[in-house]
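Got your viewer open and ready? Let's take a walk through this one, a stop at a time.

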Amino acid sequence: MMSMFVVGLTGGIGSGKTVASDRFEELGIKVVDADISSRVVVEIGKPALSSIEAKFGSDVILDDGSLNRAKLREIIFKDDEAKSWLESLLHPLIGQHILDEITSATSKYVILVSPLLFETTQFQMCNRTLLIDVPKDIQILRTAKRDKVPESQVEKIIASQMDRNQKIRKADDVIVNDGEISDLIAKIDEIHQKYIALTDG
Ligand code: ATP
């Protein structure tokens, strides 16, 4: 069997990843979402959830038996050892789930959308990477509007994410999302043709 051509799609908070991946889907391309995989591996009944409970206690479990993400985030924020323990548990499981999703795809290529593509080993699963890049002032305005939060809160999140220029250097392809949504769609349509050509070649 021929192996699947995978394009990793990333970008900072509110950069336009969802608008972009929705368009790839409309073009008939399977989209695998790393955020979904990261939730699936800790669902109720999954071994990773039991391991997390055994390590951190019942504090990290909600009344309905599901993971208390806010509590877990709080713990690992203050404890580097706990953070690396959690990452070494979850990253291989997330990677395997992503791989299973990629393997089951029948489209011409696959988009792997991940906010942490370059921060994890996920970029290694990709033949190419595509960054949705946006100037910071626009990023702050759009995200604050979408999430109905103060601009200062968005600025803090941006500061905690990988530097924009670092991502630009790492990405094979960069689409700048500084115009209308219709401009972004047109740019996706154009790069889709390029990916189809690469896949056929
Ligand atoms: P997150 O990582 O936070 O999930 P994201 O990268 O998926 O964000 P989107 O949700 O696609 O980003 O876009 C952020 C917001 O900006 C959305 O409300 C979206 O509709 C809007 N948006 C995206 N592109 C444009 C654009 N070119 N013009 C105006 N609004 C836009």
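What follows is a list of things to select, with a note on what is there.

Before you click, know that this is a predicted model, where local features need pLDDT of at least 70, side-chain atom pairs count only at pLDDT 80 or more, and totals for chains, interfaces and linings use all residues. Residues are numbered from 1 along each chain as its sequence is written, and side-chain values use heavy atoms, with hydrogens and water left out.

**Stop 1: helix α9**

Select residues 181-200, which make up helix α9. Helices (H or I, at least four residues) and strands (E, at least two) are DSSP runs, numbered from the N terminus. How far apart are the end C-alpha atoms of α9? They are 29 Å apart, which agrees with the 28 Å that its 20 residues should span at 1.5 Å a residue. The expected span is 1.5 Å times one less than the number of residues.

Now colour Leu184, Ile188, Ile191, His192, Tyr195 and Ile196, which are buried in α9. Here, buried means under 20% relative accessible area, exposed means over 50%, and partly exposed is in between (1.4 Å probe, protein chains only). Look down the axis of α9: its buried residues fall within an arc of 160°, so they line one face of the helix. That arc is taken from the directions from the helix axis to the C-beta atoms. Turn to the other side of α9 and you'll find Ser182, Glu190, Gln193 and Asp200 exposed.

What do the buried residues of α9 pack against? Show β1 (6-10), α1, β4 (128-133) and β5. Contact means heavy atoms within 4.5 Å.

**Stop 2: serine 21 in α1**

Go to helix α1, residues 17-26, and pick serine 21. Is serine 21 buried or exposed? Serine 21 counts as buried because its relative accessible area is 7%. Leave aside its neighbours within four places in sequence, and serine 21 is in contact with Leu9 and Val31.

**Stop 3**

Not counting residues up to four places away in sequence, serine 37 touches Ile94, His97 and Ile98.

**Stop 4**

Next, select residues 136-147 for helix α6. Its 12 residues should span 16 Å, and the end C-alpha atoms are 16 Å apart, which agrees. Colour Gln139, Ile140, Thr143 and Ala144, which are buried in α6. Down the axis of α6, the buried residues fall within an arc of 115°, so they line one face of the helix. What covers them includes α7 (151-160). The face of α6 turned away from its buried side carries exposed residues: Asp137, Leu141, Lys145 and Arg146.

Step on to lysine 148, in the loop between α6 and α7. Lysine 148 is exposed, with a relative accessible area of 73%. Check its backbone as well: phi is near 50°, a positive value in a residue other than glycine. Most residues other than glycine have a negative phi.

**Stop 4: valine 176 in β5**

Finish at strand β5, residues 173-176, where valine 176 lies. Valine 176 is partly exposed, with a relative accessible area of 31%.
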